[in-house]
Amino acid sequence: MSVKLFDTEEVQNFLNLACGLSYEGGNPRVKEIIHRIVTDLYKAIEDLNITPDEYWAGIAYLNRLGERQEAGLLSPGLGFDRYLDMRMDAEDEKLGVTGGTPRTIEGPLYVVGAPVEHGYARLDDGSDKDGHPLIMHGTVYGADGQPQPGAKVEVWHCNTKGFYSHFDPTGEQKPFNMRRTIIADDQGQYKFRSIVPMGYGCPPDGPTQELLNCLGRHGNRPAHIHFFVTADNHRKLTTQINIDGDPLVNDDFAYATREGLVPPLTECTDEVRINAEGLDGPFAEIQFDIHLTPLVDSKDNQIVDRPRLVGA
């Protein structure tokens, strides 16, 4: 069936009715957003001649997506998270905010309440026997180029199976494994010991991978480490670094790779360093300095309010 109804007065009036524009009360902003989204979907149904079978297949897909709690996974896979970052980058350019470590997507697996350490933290609990030791360290700098003592560096990453604590389907990880909040020392420095994480893919039987298959795309991510970084009188930085040498560094299904966020990973075999770090053998090392940007009109316009799991 190929009919054209969208531009008729009847359909336009019906859109206003269905989206609450014909009613008092409610939330004007929600009405505005829903009206635009529903309008675009009506138009897509007409322009693409979407059949009832196709429409209801889409509804069934959304139900599966919700049942598996994968909406936060599909979002970066379809580029929404990256697009929001692109808009924030453009806003910074318009405001004249320059420099700073590049932002990139948060992802859906942050957990509130990680243990707090000062200067140095051990992230992993030693239970992942396949993990290669990693020492990562750097300095947090402010907008004036000076170190920021007391800056808060929140860091989290997955294990060698690609699973995060609190979301591990094997149940092997204890709460807050490979998650810490590190308060920078008097020189603005942070340091942690952990293991080199591995990349991972979307659940192969899940609705996110199902859709990616239809698009002819893989659902894999390179190995990476997430960060939130905050300091007084500076904007919160949400970013992540990719592990240098991972074959998917430039082919991330979540589009999180950015220039400046793939620091070198080196292998340390020096016995003096190994002993100083309290390790039994060679370890990987990453040095990564973090540069924050100033508040805008005394406000942090980078704060994002979104649902996040609160850890027990």
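Me: Is Arg68 buried, partly exposed or exposed?
Reply: This is a predicted model. The relative accessible area of Arg68 is 37%. Buried means under 20% and exposed over 50%. Arg68 lies in between, so the term is partly exposed.

Me: Which residue meets the side chain of Arg68 in a salt bridge?
Reply: The N to O distance in this pair is 3.1 Å. The pair links distant parts of the chain, 137 residues apart. Arg68 sits in the loop between helix H3 and helix H4. Its partner sits in the loop between strand S8 and helix H6, and is Asp205.

Me: Is Asp205 buried or exposed?
Reply: Asp205 has a relative accessibility of 57%. The cut-off for exposed is over 50%. Asp205 therefore counts as exposed.

Me: How many residues apart are Asp40 and Arg36?
Reply: Asp40 forms a salt bridge with Arg36, with the closest N and O atoms 2.9 Å apart. Both lie in helix H2, residues 28-47. Their spacing is about one turn of the helix, which is four residues.

Me: What is the relative accessibility of Arg36?
Reply: Asp40, its salt-bridge partner, is partly exposed at 38%. Arg36 counts as exposed, at 54%.

Me: Where does Asp92 lie?
Reply: Asp92 forms a salt bridge with Arg103, at 3.0 Å between the closest N and O atoms. Both residues are buried. Arg103 is in the loop between helix H5 and strand S1, 11 residues from Asp92. Asp92 itself lies in helix H5.

Me: Which residues are linked with Asp92 and Arg103 in a network of salt bridges?
Reply: Arg103 and Asp92 pair with each other. The network also holds Asp89, Arg235 and Arg258.

Me: How many salt bridges does the count come to?
Reply: The pairs include Asp40 with Arg36 and Asp205 with Arg68. The count comes to 18.

Terms used. Residues numbered from 1 in each chain as written. Predicted model: local features only at pLDDT ≥ 70, side-chain atom pairs only at ≥ 80, totals over all residues. Heavy atoms only, no water. Salt bridge = Lys/Arg side-chain N within 4 Å of Asp/Glu carboxyl O. Helix = DSSP H or I, 4+ residues; strand = E, 2+ residues; numbered from the N terminus. Buried < 20%, exposed > 50% of the residue type's maximum accessible area, 1.4 Å probe, protein only.
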